[in-house]
Amino acid sequence: METYRSEATKNNVLIIRETVSSLIDNGQATSIEASACVGDLNDPKNKLREAFFYYSAIRCFWLGHNGRCRYYGKKCIDLFWQGGQATSYVAKFYLGKHFRYSRGMAFYPRAQSLTTKQSHTIPYCFYLSLRSSFLSLVVPILLSGLNSLGLIRKKKKSEVQLNKEVVRVAIAAMKDAADNSDWNFSNKFRLLQAEHLSLNKRHDTFMYDESIESARKSGFIHEQGLACEKAGLYCKDVLKMEKALEYLNQARECYEKWGSDIKVAFIQKELDALKG
């Protein structure tokens, strides 16, 4: 950390490292030498708030904490309307070298005409698109759509309509993205579609299969694992136990390659329950 002169830069890097550590093993064996000092999160002059809330949302999503993910997502929206400075490094960190940057793509021209009062109905997946480049938009769209589907399954009645709207617009946005760059976004679009269709428990797993294959071809091993996980849990839900075991074993292999011990442990727990 001595490389960085700015305390703000050091703390931004530490927030990222803490996120990586939590996704590997919840920080148990990969603890780092220091924790980020984010300061007062209610202080409007605190430049670390946006990064803290953003990465907290990512952590909660991957760890399956849907309610907390939505909470931190809302915090990001609030900061945006207070003039938060969204930056593209969040998506760069997540997608790494596999992301092919496409300048000038905008999915939400209508959103820019909303009043401040209306703005609070805009889901988490939109706020970056209004302020930053297209690069910063990708992760929030996928995360917000899948997280809202998780909340719908948990029958959170107080926000059912909002969650349905988030899912609807997220799917439409990812379809536009896939039309512009199939290599980057097809797997994400297919996964959102598959999860949406799975709510009625009457469809086959072909859409999951398409998402899995697309992620494999593009080298998105974590999203390949995510699609396998979702497919396995869907098959378990509709009592197709052999298919569930097949998909969950694939998910475990993907997460092992990704290096996430905590996700491997989660999948193994599901496998043990199915076998038990």
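1. Helices here are DSSP runs of H or I with at least four residues, numbered from the N terminus. The model is a predicted one. On that basis the protein has 13 helices and zero strands, and its order along the sequence reads α-α-α-α-α-α-α-α-α-α-α-α-α.

2. On the overall fold: the protein has 276 residues, and 49% of them count as buried. Among contacts with a separation of 6 or more, 62% are between residues 24 or more positions apart.

3. The largest pocket has a volume of about 850 Å³. Its lining consists of 27 residues, and those closest to the pocket centre are Asn66, Arg153, Lys154, Lys230 and Leu233. By class, the lining holds eleven nonpolar, seven polar and nine charged residues.

4. Which helices each supply at least two residues of the lining of the largest pocket? They are helix 2 (49-62), helix 7 (138-153), helix 11 (221-237) and helix 13 (261-275). Helix 11 gives the largest share of that lining, with six residues.

5. Helix 9 covers residues 182-197, and its length can be checked against its geometry. Its 16 residues should span 22 Å at 1.5 Å a residue, and the C-alpha atoms at its ends lie 21 Å apart, so the two values agree. The buried residues of this helix are Asn184, Phe185, Ser186, Asn187, Lys188, Phe189, Leu191, Leu192, Ala194 and Glu195. As background, residues three or four places apart in an α-helix point the same way, because there are 3.6 residues a turn.

6. Phe185 is one of the residues of helix 9. Is Phe185 buried or exposed? Its relative accessibility is 2%, and buried means under 20%, so Phe185 counts as buried. Phe185 and Leu142 are 43 residues apart in sequence, while their C-alpha atoms are 9.7 Å apart in space.

7. Tyr71 sits in helix 3 (residues 66-81). With a relative accessibility of 45%, Tyr71 falls between the 20% and 50% cut-offs and therefore counts as partly exposed. The C-alpha atoms of Tyr71 and Ala57 are separated by 7.9 Å, and the two residues are 14 residues apart along the chain.

8. Leu239 deserves a separate entry for its backbone. Its phi is near 65°, a positive value in a residue other than glycine. For context, most residues other than glycine have a negative phi. Where does Leu239 lie? Leu239 is in the loop between helix 11 and helix 12 (241-258). At 66% relative accessibility, Leu239 is over the 50% cut-off and so counts as exposed.

Technical notes: Residues numbered from 1 in each chain as written. Predicted model: local features only at pLDDT ≥ 70, side-chain atom pairs only at ≥ 80, totals over all residues. Heavy atoms only, no water. 1 Å grid on protein atoms, 1.4 Å probe; cavity = no way out; pocket = protein on both sides within 12 Å on 5 of 7 lines; lining within 4 Å. Points joined across faces, edges and corners; volume = space filled by probe spheres on them. Nonpolar A, V, L, I, M, F, W, Y, C, P; charged D, E, K, R; others polar. Expected span 1.5 Å × (residues − 1). Buried < 20%, exposed > 50% of the residue type's maximum accessible area, 1.4 Å probe, protein only. Contact = heavy atoms within 4.5 Å.
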